[in-house]
Each structure stands twice: as C-alpha cells, then as structure tokens.
Amino acid sequence: MTGCVFCGIVDKRLKASIIYEDDFCLAFEDINPQAPVHFLVIPKRHIADVLEADKEIKGRLLEAATIVAREKGLADDGFRTVINCKRHAGQSVDHLHIHILGGRWFTWPPG
Ligand code: AMP
Ligand code: ZN
C-alpha cells in the first residue's frame, strides 16, 4: 500500500534488518528496540490490524514468531508477544505486526 512503511520494507524499497522471510510473513528488527531482543513479524500483504486478518494469516504470523524466537535463543527464559490494535493500544503503524520482545524481565500488567 502506498505510503505504508512496512509495505516499503516488504517491497525492499526501505531498508530493514530482515531476519526471517517466507511466502506470507516477514520478520525484522524493530528500529527502536525496547528490549535486548525486539523484532516484528508482519504479513507481506497489507493488512491494517489484527481485526482484518483471517485465520490463516494469524496462524502463520504466530508460527513465524515462534520460529524466530527459538532462533534468537528465547525458548528457555521466554519472551513477550504484543499486538497493538488501534488507538487505545497505541498502534502507530497501520500494517499488522506482532512484537516479540525478550532478553529481560517484563512486568505485568503492562502500562
Ligand atoms: P506499534 O506502536 O505497535 O504500531 O509499533 C510500531 C513499531 O514499529 C515500533 O516499535 C517502531 O519502533 C517500529 N518501526 C517503525 N518504523 C520502523 C522501521 N522502518 N523499521 C523497523 N521498525 C520500525
Ligand atoms: Zn502496509
């Protein structure tokens, strides 16, 4: 989609540190990491948020997220996954993405 930063990364018009790619998903390092490990998994197709995603893409995103989390060495100590949806959650990029954060302790409830 024109003007979408994450579509630009999918199209390779914009640079990102890509760590995983398959037919449906792309994973890359977050540009402003909030933990020692912080990457994003997105659908290659533009989907605005999780409300717009079908069952298949939801499954594929989570599958990719866990594959990369294991590769990053997060399986023993664990990690946090976050999907911000719309304004109350502070979604700032309107292209569906899962945050995967690890390498430190996280508090609950989140802010
Ligand atoms: P959210 O607030 O849930 O919409 O998260 C958007 C995330 O995208 C933030 O953590 C940003 O740091 C990250 N982000 C924005 N632009 C880029 C980019 N060009 N490359 C990598 N991460 C980005
Ligand atoms: Zn997009």
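A salt bridge is taken here as a side-chain nitrogen of Lys or Arg within 4 Å of a carboxyl oxygen of Asp or Glu. The structure is a predicted model, in which local features need pLDDT of at least 70 and side-chain atom pairs count only at pLDDT 80 or more, whereas totals for chains, interfaces and linings use all residues. Residues are numbered from 1 along each chain as its sequence is written, chains are lettered from A and ligands numbered from 1 in the order in which they are written, and side-chain values use heavy atoms, with hydrogens and water left out.

By the salt-bridge rule, the count comes to five. E29 pairs with K72, the closest N and O atoms being 2.6 Å apart. This pair links distant parts of the chain, 43 residues apart: E29 belongs to strand β2 (residues 25-29) and K72 to the loop between α2 and β4 (79-82). Helices (H or I, at least four residues) and strands (E, at least two) are DSSP runs, numbered from the N terminus. E29 is partly exposed, with a relative accessible area of 26%, and K72 is likewise partly exposed at 30%; buried means under 20% relative accessible area, exposed over 50%, and partly exposed in between (1.4 Å probe, protein chains only).

A salt bridge also joins the side chains of E21 and K44, at 2.9 Å from N to O. Here again distant parts of the chain are linked, with E21 in strand β1 (residues 18-21) and K44 in the loop between β3 and α2, 23 residues apart. The relative accessible area is 39% for E21, which is partly exposed, and 24% for K44, also partly exposed. K12, E21 and K44 are linked in a network of salt bridges. Within helix α2, R60 and E56 lie four residues apart, about one turn of the helix, and form a salt bridge whose closest N and O atoms are 2.9 Å apart. R60 is partly exposed at 34%, as is E56 at 41%.

The zinc ion (ligand 2) is coordinated by C4 (SG), C7 (SG), H46 (ND1) and H95 (ND1), at 2.0 to 2.3 Å. Donors are N, O and S atoms within 2.8 Å of the metal (3.2 Å for Na, K and Ca); water is not among the atoms, so sites may look incomplete. The angles among the four donor atoms are 106 to 115°, and the site is tetrahedral, a class that requires four donors with all angles between 85 and 135 degrees. The donor residues are spaced C-x2-C-x38-H-x48-H in sequence. C7 lies in helix α1 (residues 5-10) and H46 in the loop between β3 (37-43) and α2 (55-71), so this pair ties together parts that are 39 residues apart in sequence. C7 counts as buried at 4% relative accessibility, while H46 is partly exposed at 24%.

Around ligand 1 there are 16 residues, of which D30, N84, S92, H97 and H99 come nearest; a residue is near a molecule or strand if one of its heavy atoms lies within 4 Å of it. Polar contacts are pairs of N or O atoms within 3.5 Å. An oxygen atom of ligand 1 is 3.2 Å from a backbone N or O atom of G90, and a nitrogen atom of the ligand is 3.1 Å from a polar backbone atom of I31. The side chain of H99 places an N or O atom 2.8 Å from an oxygen atom of ligand 1. The protein covers 82% of the 500 Å² of accessible area that ligand 1 has on its own, as calculated by the Shrake-Rupley method with a 1.4 Å probe.

Technical notes
Four donors count as tetrahedral if all angles lie between 85 and 135 degrees; four count as square planar and six as octahedral if opposite donors are over 155 degrees apart and all others between 65 and 115; anything else is irregular. A polar contact is a pair of N or O atoms within 3.5 Å; within protein, one must be able to donate a hydrogen and the other to accept it, and residues adjacent in sequence count only if both atoms are side-chain atoms.
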